[in-house]
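Subject: Structure for you to look at

Hello,

Please find the structure below.

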Amino acid sequence: MLPPVLIVSMCIVAIEVVVGFMGNGFITAVNSINWIKSKRISAADMILIFLSTSRFILQVTVMMYIHSLYFTDVFKLASVYKTFGAIWMFVNHASLWFSTWLYVLYCVKIINVTQWLLLQIKHRITAMIPWLLLGSLLISSVTSFPLLWITPNTYLCRSTGNCGDNSTAHISGWDSSHLYLLLLYFTGCFFPLVLSMITSGLLINSLWKHTKKMQCYVDSFRDPLIDVHLIAIKSIISFLILYISSFVAQILLTLSTSQSKDFVKVAVSLVVTGAYPSIHSIILIIVNSKLKLAFRMLCQHFMCHLENVNL
């Protein structure tokens, strides 16, 4: 029987996954419907479709990971483990890149720039987005699919302690495959995270300069651009906090073993990992005016339907 702490964590993760499915599915549906109706799509909406779809798949892998730990025997085959690990890392890295490009787009559109290079990027960023998204998929493939050629003693086998090609064998200690895994994981996460932090720094610096300029005006006057800056900064910082927490939790899951019996660490790591794609989808809906309006209309339609049913 599973320890109570793991049962509780799995229930929480199940709730997080349901919320994430609904949030990311809503984002994908709204933007796709607008795309079909208008026959055109903005750069931000295109990124959101890619991001929400990757997050949807990422949460599927979270549920599969839980099953691989304690329920499904087929996941004890090394070939299945390696395929699952490659898919998980691919959507994880792709999701991080998509989030980064979203905030880079916001940053370029919001801040005022005078440098020639930044001006060129500002004018061409919309046309660059499809190529950046395709490039992100290519980079994510390079940093994930090599897992298919790692030896059977992969990171996921450490979680169950009995993974093999056609039989089971206990895994203990570190080997080259684990170092290779962490190298790929850090490589895929490092550059988009750094780019996100640079974007956040540029927005904060732009907000600070704009606020200093506004001090000469009457105190009652509130520049709407300040609110735009604050929303973008809060969104990026929340994303960084969520992803860094998830990053640490995923590392702990990677290093966990059945021999350690550290069920609390595994339980907390699972909850934190599942929270990242769910909570961030809610944040995206809140900060995006079009998504927020669509959500309000959906809630009103739902409430009217309930009233009609009750009548």
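Which residue forms a salt bridge with D45, and how far apart are the closest N and O atoms? Before the answer, some notes on the source. This is a predicted model, in which local features need pLDDT of at least 70 and side-chain atom pairs count only at pLDDT 80 or more, while totals for chains, interfaces and linings use all residues. Residues are numbered from 1 along each chain as its sequence is written, and side-chain values use heavy atoms, with hydrogens and water left out.

The salt bridge

The partner of D45 is K290, and the closest N and O atoms are 2.3 Å apart. A salt bridge here is a side-chain nitrogen of Lys or Arg within 4 Å of a carboxyl oxygen of Asp or Glu. By this rule the count is one salt bridge. D45 sits in helix 2 (residues 43–70) and K290 in helix 9 (residues 289–310), so the pair ties together parts that are 245 residues apart in sequence. Helices are DSSP runs (H or I, at least four residues), numbered from the N terminus. D45 is buried, at 8% relative accessible area, whereas K290 is partly exposed, at 30%. Buried means under 20% relative accessible area, exposed over 50%, and partly exposed in between, with a 1.4 Å probe and protein chains only.

Helix 1 covers residues 4–38, which is 35 residues. From first C-alpha to last, helix 1 reaches 51 Å, close to the 51 Å expected; the expected span is 1.5 Å times one less than the number of residues. Just after helix 1, K39 has a positive phi of about 65 degrees.

I15 is in helix 1 and counts as exposed, with 57% relative accessibility. A nonpolar patch on the surface is formed by I15, V19, I231, I282, I286 and V287, with about 470 Å² of accessible area together. Helix 1 and helix 8 (263–287) are the elements that give two or more residues to the patch, and helix 8 has the largest share, with three residues. Such patches take residues with over 30% relative accessible area and no salt bridge, nonpolar side chains being joined within 5 Å. Accessible areas come from the Shrake-Rupley method with a 1.4 Å probe.

T100

T100 is in helix 3 (residues 78–110) and is buried, with a relative accessible area of 0%. The T100 side chain reaches the backbone oxygen of L96 at 2.8 Å. Apart from neighbours within four places in sequence, T100 is in contact (heavy atoms within 4.5 Å) with P192, L195 and S196.

Regards

Notes:
A polar contact is a pair of N or O atoms within 3.5 Å; within protein, one must be able to donate a hydrogen and the other to accept it, and residues adjacent in sequence count only if both atoms are side-chain atoms. Patches are made of residues with over 30% relative accessible area and no salt bridge: like charges are joined within 9 Å, nonpolar side chains (Val, Leu, Ile, Met, Phe, Trp, Tyr) within 5 Å.
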